[in-house]
Amino acid sequence: MIEKFKFSSKAKTLFISTGALGLALIISGLIFDKGETTRFWANYLLCNFYFLAFSIIAVAWMSIQYLAKASWPTVLKRITEAISGYMLIGIVATLIFFLSSFIGDKTNGIYCLYSWSHIEKPETLHDKVLTN
């Protein structure tokens, strides 16, 4: 018999409302704090990279254990499967990061983080580091 944990309706409401509040704060920070978009996109990219890397490592770990026919990591199998569940979310978040670079007034994504993406500025085209 497989036991399944069920959240109470109060716990579900608490988790969903906390997530909605966090999403609302992220969106309001993007809309109302126009001067700090660089900070937002740097944190977005860094956190997404870390969690995506953890999920890829979890998939690699499961693959190695499966190919080696190891039986000892069965205790950890559920944990690595749960961690690898973020991979699709991380890929979509990365696509949002790259696609947001082409939308708007050049204050999103890659454009606000990396100076080499400013191709319309003449000093970028003649930078010694970028041209060599």
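Residues are numbered from 1 along each chain as its sequence is written. In this predicted model, local features need pLDDT of at least 70 and side-chain atom pairs count only at pLDDT 80 or more, whereas totals for chains, interfaces and linings use all residues; side-chain values use heavy atoms, with hydrogens and water left out.

The chain contains seven helices and zero strands, where helices (H or I, at least four residues) and strands (E, at least two) are DSSP runs numbered from the N terminus. Read from the N terminus, the order of elements is α-α-α-α-α-α-α. Of the 132 residues, 17% count as buried; buried means under 20% relative accessible area, exposed over 50%, and partly exposed in between (1.4 Å probe, protein chains only). The accessible surface of the chain comes to about 10800 Å², and 72% of this belongs to carbon and sulfur atoms. Accessible areas come from the Shrake-Rupley method with a 1.4 Å probe, and for residues only the protein chains shown count as cover. Among contacts (heavy atoms within 4.5 Å) between residues at least 6 apart in sequence, 52% join residues at least 24 apart.

A nonpolar patch on the surface is formed by L46, F49, Y50, F51, F54, I57, W61, W72, V75, L76, I79 and I83, which together have about 1300 Å² of accessible area. Two elements, α2 (37-67) and α3 (77-84), each give two or more residues to this patch. The largest share, seven residues, comes from α2. Patches are made of residues with over 30% relative accessible area and no salt bridge; like charges are joined within 9 Å, and nonpolar side chains (Val, Leu, Ile, Met, Phe, Trp, Tyr) within 5 Å. A salt bridge is a side-chain nitrogen of Lys or Arg within 4 Å of a carboxyl oxygen of Asp or Glu. One member of the patch, I57, is found in helix α2 and counts as exposed because its relative accessibility is 54%.

Two further residues of α2 were examined. S55, also found in helix α2, is buried, with a relative accessible area of 0%. Apart from its neighbours within four places in sequence, S55 is in contact with I83, S84, Y86 and M87. A53 lies in helix α2 and is partly exposed, with a relative accessible area of 23%. The C-alpha atoms of A53 and S84 are separated by 9.6 Å, and these residues are 31 residues apart along the chain.

The loop between α2 and α3 holds K69. K69 is not a glycine, yet it has a positive phi of about 55 degrees. Most residues other than glycine have a negative phi. With a relative accessible area of 73%, K69 is exposed.

Helix α4 (residues 87-100) has 14 residues and reaches 20 Å from its first C-alpha to its last, close to the 20 Å expected at 1.5 Å a residue. The expected span is 1.5 Å times one less than the number of residues. G90, A93, F97 and S100 are buried in α4. Seen down the axis of α4, its buried residues fall within an arc of 95 degrees, so they line one face of the helix; the arc is that of the directions from the helix axis to the C-beta atoms. An α-helix has 3.6 residues a turn, so residues three or four places apart point the same way. On the other side of α4, L88 and L99 are exposed. The buried residues of α4 pack against α2 and α5 (109-113).
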